Amino acid sequence: MIEWRERHLSEKHLVLLLSFFVGAFSAAAAALLKSLIHFIQWFVENQLIAGEHTWWYLITPFIGITLAALFVKYIVRDDISHGITKILYAISQRKSIIKAHNMWSSVVGSGLTIGFGGSVGAEAPIVLTGAAIGSNLAKAFRLDQKTMMLMIGCGAAGAIGGIFKAPIAGLVFTLEVLMMDLTMTSVAPLLISSVTATALSYILTGTDPMFPLDATEPFLVQRIPWYLVLGAICGLVSLYFTRGMNALEQWMKHNIGNMWLKLLVGGGVLSMLIFLFPPLYGEGYNVIRQLINGDSLSALQNSPFEQYLAANPQLILIGYFIAIIFVKIVASVATNGAGGVGGIFAPSLFMGAIVGFVTARLMNMTGLAVPESNFALVGMAGLMSGVMHAPLTGIFLIAELTGGYHLFMPLMIVSVISYLTIMLFEPHSLYAMRLAQKGELLTHNKDRNVLTLLKMDSVLETDFVTVFPEMTLGELVKVISESHRNIFPVIDREGHLKGILLLDEVRNIMFQPRLYKRFTVSQLMTSPMAILHFDLPMEKVMEIFEDTGAWNLPVVDQDRRYLGFVSKSKIFNSYRHVLVHFSEE
């Protein structure tokens, strides 16, 4: 098969053909995941908890998380959480290899998690599934690494297009969030995958948008100031979402190590929150539909707070939704941290709709007349733009999800203002934050990308002759005569770096035999301008070179054992080599 393809099909045509199949398979996976979630939800709602609706909220989410955690631990035996972060990591390593089990494991894991009420979204798992399909198809046809990266993008674009019926958002998401380069070579395959996936979703589920609109109003110019206010609020809530979720994830990861304890804590917290706030159950898309169509009171059904609604409807409703905004990230982290599988697409849309609605309701209580449905709709775009640092994705996704193309202007205003607001405080999205902290994140800055792709082991030079502190000048002269380097690392018997000795420092005395026993290396050595650790990202290494003005710096491991030297000239040579490869079309 491979030999026939190489003889009869050019790589360009193969890429276009594969992009079609990647889009189709991604859409099929999205449809399968949706069907699995809906079947489990139907079973739970109509068979398992029929007639006992409220109290079962304490049990069903725990069941789903437990099943997902056991599936991951004993069947998959690999970490399948944080799907989009895994894609970014695969791209940042220039390997573009995603394990084959990701083509199905995320579907099963997230189906169990969300179907039983886990407070997360299915979109990140299906994006990882699509990316895995693209990666493994490219690998099967022995395509090069650059084309494999493009196929990963096609899988992600197809997954977004398929699950949301949003072809433009699929393309834009891949360019903005996954940071694929926009070139003529990449646009056509991405479009083919996204459009193919959307078309197949139309065939399978109809052409209606995911959140059809019934109660929106036309855009009015005089309301622009209030959309600006909403954009700033969305940006601040996005900051809370990003930092709060990251902090909670880190706390749960480092303070609860036992799997069963995580299940107990996470499942217990999630069940209690869903019992108090039923809108936290599952993805929350029903609440979004209610808010954008003017049916906000339905969100309090089956809630313990519903009985107090008659006393003061406005205060109870607003307080209820504000509380949900604050606890939603807790519910999502409890779901994933306990062993569930899900993403932050749905939580960001859910919180965005509530933020937009609450903002509009508070404005109307002060005497303004703003449309609450419109604000709920554009609030989704605002929060998604802030959390993902992707304003174009937020704009096009919400327009395609709702059919609200007549609200493009407020969508753009709120998305851009939200993005600019969070950028004042947080330079990276939640997806990219983990990689950015490790210096492994690719960005649209090509110069920074090249430095990210350079690794210490590729520029490390190990042909320097080491000397010991107790060596005499006479012994040192013999070493110098056999070396072709002008720098000599000084180490102890355990290999720890003690300093460096420069040839220029001993040049004046090395030809005086009477001094050979008077001086030792410890008296002649100096401290290096800086010491590099092996795990430093190359961007930080270059900063150290610039700050010190050095041309050669020693490298040590975490125990300060000497490993070699890095020279600025070696980095420049490697930089040019990688840049040529990186810039090839």
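Predicted model: local features only at pLDDT ≥ 70, side-chain atom pairs only at ≥ 80, totals over all residues.

Let me start with the rings. A pair of aromatic rings is described by the distance of the centres and the angle of the planes. The count here comes to 19 aromatic pairs. Take Phe277 and Tyr320: the ring centres are 5.5 Å apart and the planes stand at 45°, so this pair is tilted. Phe277 is in the loop between helix H12 (259-276) and helix H13 (285-292), while Tyr320 belongs to helix H14 (residues 313-337), so the pair ties together parts 43 residues apart in sequence. Are these two residues buried or exposed? Both Phe277 and Tyr320 are buried.

Tyr320 also pairs with Phe321, and that pair is edge-to-face, with 6.0 Å from centre to centre and 65° between the planes. The relative accessible area of Tyr320 is 3%, and for Phe321 the relative accessibility is 0%, so Phe321 counts as buried. Which residues make up the cluster that ring pairs link here? They are Phe277, Phe305, Tyr320, Phe321 and Phe357.

Next, charges over rings. Arg493 has its charged end over the ring of Phe468, at 3.8 Å from the ring centre. Lys73 lies over the face of Tyr74, and there the distance to the ring centre is 5.7 Å.

Now the empty space. Rolling a probe the size of a water molecule over the atoms shows where empty space is left. The second largest pocket holds about 820 Å³ of space. It is lined by 34 residues, and those closest to its centre are Gln41, Gly284, Tyr285, Asn286 and Arg289. Which helix gives the largest share of this lining? That is H2, with 8 residues. Helix H2 (11-48), helix H8 (145-164) and H13 each supply at least two residues of the lining. By type, the lining of this pocket divides into 15 nonpolar, 12 polar and 7 charged residues.

On to backbone angles. Most residues other than glycine have a negative phi, and most peptide bonds are trans. Lys165 is not a glycine, yet its phi is positive, at about 55°. Lys165 sits in the loop between H8 and helix H9 (167-176), and with 11% relative accessibility Lys165 counts as buried. His389 is another residue other than glycine with a positive phi, near 55°. The loop that holds His389 runs between helix H16 (372-388) and helix H17 (391-402). His389 is buried as well, with a relative accessible area of 12%.

His101 is in the loop between helix H5 (83-92) and helix H6 (105-115). Why does His101 count as buried? Its relative accessibility is 15%, and buried means under 20%. Leaving out residues up to four places away in sequence, His101 touches Val76, Asp78 and Ile80.

Leu501 is in strand E2 (residues 497-502). At 0% relative accessibility, Leu501 is buried. With residues up to four places away in sequence not counted, Leu501 has contacts that include Leu476, Phe488, Val506 and Met525. Leu501 and Ser527 are 26 residues apart in sequence, and their C-alpha atoms are 8.5 Å apart in space.

Phe511 is in the loop between helix H23 (503-506) and helix H24 (521-524). Is this residue buried or exposed? Phe511 has 64% relative accessibility, so Phe511 counts as exposed.

How values were computed:
Residues numbered from 1 in each chain as written. Heavy atoms only, no water. Helix = DSSP H or I, 4+ residues; strand = E, 2+ residues; numbered from the N terminus. Buried < 20%, exposed > 50% of the residue type's maximum accessible area, 1.4 Å probe, protein only. Contact = heavy atoms within 4.5 Å. Phe/Tyr/Trp six-rings, centres within 6.5 Å; stacked < 30°, edge-to-face > 60°. Lys NZ or Arg CZ within 6 Å of the ring centre and 35° of its normal. 1 Å grid on protein atoms, 1.4 Å probe; cavity = no way out; pocket = protein on both sides within 12 Å on 5 of 7 lines; lining within 4 Å. Points joined across faces, edges and corners; volume = space filled by probe spheres on them. Nonpolar A, V, L, I, M, F, W, Y, C, P; charged D, E, K, R; others polar.
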